[in-house]
Protein chains: 4
Amino acid sequence: MATQTPGYIQNQDALLKRLRRIEGQVKGVERMVTEERYCIDILTQISAAQAALDKVALRLLEDHTRHCVIGGGDADRDELTEEMMGAIERLLRS
Amino acid sequence: MATQTPGYIQNQDALLKRLRRIEGQVKGVERMVTEERYCIDILTQISAAQAALDKVALRLLEDHTRHCVIGGGDADRDELTEEMMGAIERLLRS
Amino acid sequence: MATQTPGYIQNQDALLKRLRRIEGQVKGVERMVTEERYCIDILTQISAAQAALDKVALRLLEDHTRHCVIGGGDADRDELTEEMMGAIERLLRS
Amino acid sequence: MATQTPGYIQNQDALLKRLRRIEGQVKGVERMVTEERYCIDILTQISAAQAALDKVALRLLEDHTRHCVIGGGDADRDELTEEMMGAIERLLRS
């Protein structure tokens with residue numbers, strides 16, 4: 001099911017930049033726990049990291065839809081659509 | 001609204017261990033993007049990180065409820081409950 | 001684990017009003033499907049119903065926390081907190 | 001952006017059946033509130049209705065992707081993809 005070039009290739013740098021920021025947010029949460037910061041403030045930070053991960057996921061999904069599902073050959077589309085729906089389902093449950 | 005000792009203090013080590021694992025998952029996602037891995041596989045990893053963050057959030061929320069909201073003085077409970085509901089609302093939206 | 005009077009008793013009318021509106025939203029979705037309306041418009045309606053259900057859930061949770069978990073006797077609090085966390089977890093997964 | 005026949009047309013009856021069941025679930029929640037049932041049991045029912053709505057949404061989304069986004073003409077695909085991503089984003093936030 002793999003494609004030669006992933007759909008997000010043109011956004012690779014932007015994605016990495018966002019992911020590094022999310023890594024920083026998670027490190028920030030660790031620091032807050034170490035410093036025994038207030039529970040609710042930590043939860044706010046976690047929600048921010050979750051929202052940022054959601055955005056990365058939506059970006060990947062959009063690139064995947066455009067370049068792999070739609071742009072791909074007719075042969076695989078059914079399988080590709082099914083696979084994409086599975087990914088959306090997992091995101092909804094998270 | 002801060003308390004001297006946060007509700008999660010007895011789980012501090014376990015929480016930090018989980019958060020370091022989540023940091024590792026986010027780094028794993030970065031690596032996958034760098035290596036131009038398949039979109040859907042990356043989305044699966046992001047869902048795993050989201051689920052792990054949800055678990056940390058639920059843990060923090062439980063400790064907060066037990067030790068701060070319930071265990072705290074009567075005086076602040078209304079405000080504490082409201083604050084906690086705000087945190088749950090933010091988690092639901094993520 | 002049941003209490004004599006549920007925590008939401010003072011908001012019972014307001015809750016019923018909201019729930020009837022949500023019932024109407026679901027009926028609206030049925031009508032849209034019958035009328036063969038556009039998929040995306042139906043999805044927008046479903047998201048609206050979901051958001052309205054989230055609000056009812058948060059309201060119930062808040063009333064439960066205030067009146068049953070906090071207001072209840074010391075004896076049951078551990079069990080009540082655990083039960084409440086289970087409910088929050090189920091909401092997060094929905 | 002509307003299409004002549006919606007993507008879900010072949011699943012129309014199955015969708016309506018599911019939606020009627022969800023309507024019944026919401027009515028069940030109303031009844032529980034009227035009968036002053038236990039908060040946590042009501043929350044469990046709400047989570048069940050949410051999960052059922054998620055499934056309907058995923059079904060609609062899949063049919064839409066297969067028949068409208070992929071099956072549609074090349075001209076509209078960019079707009080259709082964008083529109084679909086908007087719908088997924090709204091579902092994730094609910």
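**View 1. Packing of helix α1 of chain A against helix α1 of chain B.** In this predicted model, helix α1 (residues 12-34) of chain A packs on helix α1 (residues 12-34) of chain B at an angle of about 170 degrees, and their axes lie 9 Å apart. Because angles over 145 degrees count as roughly antiparallel, α1(A) is described as roughly antiparallel to α1(B). The residues that form the contact of α1(A) with α1(B) comprise 14 nonpolar, 4 polar and 8 charged ones.

**View 2. Relation between the two copies.**

**View 3. Residues of the interface.** Chain A contributes 48 residues to the contact, and chain B contributes 49 residues. Of the interface residues of chain A, 100% are also interface residues in chain B, so the copies meet through the same surface.

**View 4. Buried area and charge pairing between the chains.** About 4,200 Å² is buried between chain A and chain B, with 69% of this area on carbon and sulfur atoms. Within chain A, the residues that lose the most area to chain B are Tyr38(A), Leu43(A) and Gln50(A), which together account for 15% of what that side buries. Between chain A and chain B, the count of salt bridges is 0.

Key:
Residues are numbered from 1 along each chain as its sequence is written. Chains are lettered from A and ligands numbered from 1 in the order in which they are written. This is a predicted model: local features need pLDDT of at least 70, side-chain atom pairs count only at pLDDT 80 or more; totals for chains, interfaces and linings use all residues. Side-chain values use heavy atoms; hydrogens and water are left out. Axes are lines fitted to C-alpha atoms, for helices over the stretch in contact, and angles run from 0 to 180 degrees between N-to-C directions. Helices (H or I, at least four residues) and strands (E, at least two) are DSSP runs, numbered from the N terminus. Angles under 35 degrees count as roughly parallel, over 145 as roughly antiparallel, 65 to 115 as roughly perpendicular and the rest as oblique. Ala, Val, Leu, Ile, Met, Phe, Trp, Tyr, Cys and Pro count as nonpolar, Asp, Glu, Lys and Arg as charged, and the others, Gly among them, as polar. Contact means heavy atoms within 4.5 Å. Buried area is the accessible area (1.4 Å probe) that two parts lose on being put together, summed over both. A salt bridge is a side-chain nitrogen of Lys or Arg within 4 Å of a carboxyl oxygen of Asp or Glu.
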